[in-house]
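The following questions and answers are meant for a reader new to the structure displayed below. Please keep the sequence and the model in view while reading.

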Amino acid sequence: MLGLKLLTDPRWANIAESNLDEILTDHAWCEQKAASNAITLITQNPEYEDLVHELTAIAIEEMQHFQMVIDIIKARGYALGRERKDDYVGQLMKFSKKDGSRNQAFIDRLLFAAMIEARSCERFRVLSKNIDDQELAKFYHDLMVSEANHYTTFLNFARKYTTDIDVDKRWQEWLDFEGELIQSYGKKEYIHG
């Protein structure tokens, strides 16, 4: 699925479901960070009109998802906790190339975003198929579809705007790195944990 090298063990959904207040808080902040990442890409690359248009829509959609998760948190009597450090995303950021050409940094930022969207999509699929809470299962199924669209948007922009990068080769490097990295995760009530 999505080219990921290692799929999440379905038992992770049990960890998530037994700690709904934690997974929902983490999820809310993941949506906020996804919106921020889209905005960062816009501010750093305003010359690409189609990218600005598409990523503006994604940023808005991610903030709508943030609001939806907050509404679920409130409806269930939980409180939105503080933002959590996402070590998985931090490790992906370290893998991202920043010392090459401007185009290389831009393409890697798009691939970084695609990677996070791909893993989020996969995790939402696991939740939608494996939790008993039918309301949340449907919610995560709907978000899975959205994340898949975001993943392809970022990957397609990387392919469109590369000037000096073999995007398919670099994407394979991302997939290989993430396949090793994700082996250390899937044991906590975090979207990427």
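**Salt bridges and helix packing**

Q: Is Lys 5 buried, exposed or partly exposed?
A: Lys 5 has a relative accessibility of 46%. This value comes from a predicted model, in which local features need pLDDT of at least 70, side-chain atom pairs count only at pLDDT 80 or more, and totals for chains, interfaces and linings use all residues. Residues are numbered from 1 along each chain as its sequence is written, and side-chain values use heavy atoms, leaving out hydrogens and water. Buried means under 20% relative accessible area and exposed over 50%, with partly exposed in between (1.4 Å probe, protein chains only), so Lys 5 counts as partly exposed.

Q: Which residue forms a salt bridge with Lys 5?
A: A salt bridge requires a side-chain nitrogen of Lys or Arg within 4 Å of a carboxyl oxygen of Asp or Glu. For Lys 5, the closest N and O atoms of the pair are 3.5 Å apart. The partner is Asp 176.

Q: How many residues apart are Asp 176 and Lys 5?
A: Helices are DSSP runs (H or I, at least four residues), numbered from the N terminus. Asp 176 lies in helix H7 (residues 167–181), while Lys 5 lies in the segment before helix H1 (12–17). This pair links distant parts of the chain, its members being 171 residues apart.

Q: Where does the salt-bridge partner of Glu 47 lie?
A: Glu 47 forms a salt bridge with Arg 102, with a closest N and O separation of 3.3 Å. Glu 47 sits in the loop between helix H2 (20–44) and helix H3 (49–75). Arg 102 is located in helix H5 (residues 102–130).

Q: How many salt bridges are there?
A: Side chains of opposite charge can pair when their charged atoms come close. One of the pairs is Arg 11 with Asp 9, at 2.5 Å from N to O. The count of salt bridges comes to 15.

Q: Are H3 and H6 roughly parallel or roughly antiparallel?
A: H3 and helix H6 (residues 134–161) pack at an angle of about 160°, their axes being 12 Å apart. Axes are lines fitted to C-alpha atoms over the stretch in contact, and angles run from 0 to 180 degrees between N-to-C directions. Angles under 35 degrees count as roughly parallel, over 145 as roughly antiparallel, 65 to 115 as roughly perpendicular and the rest as oblique. H3 is therefore, relative to H6, roughly antiparallel.

Note on methods: Helix = DSSP H or I, 4+ residues; strand = E, 2+ residues; numbered from the N terminus.
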